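Hi,

Here is the structure I promised to pass on to you. Have a look at it first, and then read on for what turned up in it.

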Amino acid sequence: MRVLGIEGTAWAASAALFDPETDEITIESDAYQPESGGIHPREAAEHMRTAIPAVVETVLDEAGAEGVDAVAFSRGPGLGPCLRIAGTAARALALSLDVPLVGVNHMLAHAEIGRHRSNFDAPICLNTSGANAHVLGFLDDRYRILGETMDTGIGNALDKFTRHLDWSHPGGPKVERAAREGSYTGLPYVVTGMDFSFSGIMSAAKEAVDDGVPVEDVCFSLQETTFAMLTEVAERALALTGETELVLGGGVGQNARLQAMLGEMCAARGAEFFAPEARFLQDNAGMIAVLGARMAEAGETIPVESSRIDSGFRPDQVAVTWRDPDPRRRTRDPEADRQGAEAVVEFDGDRVVKRRLPKSYRHPALDERLRRERVVEEARLTSAARRLGVPTPVVHDVDTHETQLVLERVGDADLRDRLEADAGTSTDRVRAVADHLARLHGSGIVHGDPTTRNVRVSDGSNRTYLIDFGLGYYTDAVEDHAMDCHVLEQSLSGTATEPDRLREAFEARYAERGEHEVLDRLREIEGRGRYQ
Ligand SMILES: C[C@@H](O)[C@H](NC(=O)OP(=O)(O)OC[C@H]1O[C@@H](n2cnc3c(N)ncnc32)[C@H](O)[C@@H]1O)C(=O)O
Ligand SMILES: Nc1ncnc2c1ncn2[C@@H]1O[C@H](COP(=O)(O)OP(=O)(O)OP(=O)(O)O)[C@@H](O)[C@H]1O
Ligand SMILES: [Fe+2]
């Protein structure tokens, strides 16, 4: 099945032909370059109007229209005016060639091209593009968003920073070049579970430049900080799901420093890492044609009448019928797997020794700071939570120099590995987590990382413990309390076959025990448009 792909979500007018028999992918692209500032949606759409027919024609000239069995196009997410033009071109072409039409989710295409090129079975995918940044895992029939940006995509964040410097668009490659001459200066580091945000860091970076810190140093630190955050959440996703493969997607993925950090993180934990070639990382129609072919083979074509574009199209909205469920996810031995994202954990009788070893992918100054802060916070908040009546391990010893804790060993398993227990029991356990979080929030404590791997459960009783307070802190901010709930729910989605029932149970109990405004804010967080 030879598929012609069309891409036009924002800046790249691109057409491609994919032939699954030979695995040959011909791509023809024409980039929109703003005269000044960032991408102007109307101007970009004007570019699409002339450039898309031209790139399509070039590809058809090369490949011959007779051999095209389907037309695939980026249905979203993206800029509405651009998507509409690309969509119209795709529909017209499908009708004139008399072949089926396939509507592709652009972010799934970024993810799947890595799987396709690597031949990995079930990788975690880190998408780092202009308007998006998220970690995806595949479970049952769907990609799950395990974590994502709470404000802008990573590329847009870098581009906005360089606009402040009056550098031309796109800024990402220029930051990379300037960073080669830079040295480290501190910037905020913002990670909650597997979610993260860039706006505070970017404001601090602009301020630093205005205050006279050399631009090269700020560029260097921007990369060190934001890429370490992305690497950390990718590692947390590997630890949470137990997967051992990672693929990278999106335009920022062309950055050599980001690739090096991810490669180093994976090597250190015995996982495999793959980054596709640059032409498949930046927006391109090749990835649309490849996923389009998979979808068409599985019968996922759409009638022209119902092929509307969707500028807010999220990757977890797509029912995935073109690949098998992860064959390994359910057969691992969870208790053999003691490798967290941050720490190495060893059992010593009824005690647990938790060491945060240096992470070689992180800049040493940042690494030192994070490990020290987290050990101190973990010891302090684990004990504070206990005093509030929330079951947590007793802290036996804290060594900030060695960044090591000795904790009481609690529970028999991580909640992650008991979610498929009988419905009543797993619901009760999730309710207990709601009790614990509501109680912590009531006293101004945020856990910071309440995933299903940071809840320990006992098999013989209803005891449910919270562990791993290293990302916790004190605040009464509703937003931060809601983020805790969001992290828990996202991890349920990433690890449970039937997350909806569990999420409902969590919220019903939190509504009884916690503040209503927190759940209202939770709705708002979930509804935040990520395309900006
Ligand atoms: C929805 C769609 O339109 C959008 N596409 C997109 O953002 O284009 P993409 O090609 O994936 O990424 C472009 C971004 O990638 C950044 N970029 C390109 N090369 C870079 C480099 N070497 N280092 C850092 N950033 C880089 C650019 O600055 C720009 O922000 C998306 O995928 O979010
Ligand atoms: N006190 C404890 N009692 C029993 N098991 C524990 C305890 N602390 C940690 N573990 C086990 O070790 C695993 C990793 O521990 P922990 O979550 O604290 O490390 P981490 O590296 O910070 O992980 P992450 O950042 O991925 O959440 C836990 O999922 C749990 O199975
Ligand atoms: Fe993209």
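Let's start with a pair of helices: in α3, the residues Leu108, Ala109, His110, Glu112, Ile113 and His116 meet Met287, Ile288, Val290 and Leu291 of α10. Sorted by class, this contact of α3 with α10 holds 7 nonpolar, 2 polar and 1 charged residues. Before going on, please keep in mind that this is a predicted model.

How do the axes of these two helices cross? The axes of α3 and α10 (residues 285-297) come within 9 Å of each other, and the crossing angle is roughly 80°. An angle from 65 to 115 degrees counts as roughly perpendicular, so α3 is roughly perpendicular to α10.

The crossing of α1 past α2 is right-handed. On the α1 side, the contact is made by Pro41, Arg42, Ala44, Ala45, Met48, Arg49, Ile52, Pro53 and Val56, and on the α2 side by Pro81, Cys82, Ile85, Ala86, Ala89 and Leu93. If you class the residues of this contact of α1 with α2, you get 13 nonpolar, no polar and 2 charged.

The other pair is α13 (residues 478-495) with α15 (residues 516-527): their axes come within 8 Å and cross at roughly 70°. That makes this pair roughly perpendicular too, α13 to α15, and the crossing is right-handed. From α13, the contact takes in Val478, Glu479, His481, Ala482, Met483, Cys485 and His486, while α15 brings Glu517, Val518, Arg521, Leu522 and Ile525. By class, the contact of α13 with α15 comes to 7 nonpolar, 2 polar and 3 charged residues.

**The domains**

Now step back to the whole protein. It is divided into domain 1 (3-112 + 281-311), domain 2 (117-278), domain 3 (338-379 + 395-408) and domain 4 (413-527). Taken over C-alpha atoms, the centres of domain 1 and domain 3 are 47 Å apart.

**Around the ligands**

Which residues come nearest to ligand 1? Of the 27 residues around it, those are Ser129, Gly130, Gly155, Gly172 and Gly251. The largest share, 4 residues, comes from α4. Domain 1 and domain 2 each contribute at least three residues to the shell around ligand 1. In terms of class, the shell around ligand 1 has 7 nonpolar, 17 polar and 3 charged residues.

Ligand 2 has 24 residues around it, and Gly340, Ala341, Glu342, Ala343 and Asp468 come nearest. At least two residues of this shell come from each of α7 (215-241), β14 (351-355) and β16 (404-408). Domain 3 and domain 4 each give at least three residues to the shell around ligand 2. What is the split by class here? The shell around ligand 2 has 9 nonpolar, 4 polar and 11 charged residues.

**A few backbone spots worth a look**

Most residues other than glycine have a negative phi, and most peptide bonds are trans. Gly76 and Pro77 are joined by a cis peptide bond, with omega about 0°. You'll find Pro77 in the loop between β4 (70-76) and α2. Another cis peptide bond joins His169 and Pro170, where omega is about -5°. Look for Thr403 in the loop between β15 (395-399) and β16; β16 is one of the elements that supply residues to the shell around ligand 2.

Cheers

Note on methods. Residues numbered from 1 in each chain as written. Chains lettered and ligands numbered in written order. Predicted model: local features only at pLDDT ≥ 70, side-chain atom pairs only at ≥ 80, totals over all residues. Near = placed C-beta within 6 Å. Nonpolar A, V, L, I, M, F, W, Y, C, P; charged D, E, K, R; others polar. Domains from an automatic or database assignment. Axes fitted to C-alpha atoms, helices over the stretch in contact; angles between N-to-C directions. Parallel < 35°, antiparallel > 145°, perpendicular 65-115°, else oblique. Left-handed = near helix turned anticlockwise from the far one by under 90°. Contact = placed C-beta atoms within 7 Å.
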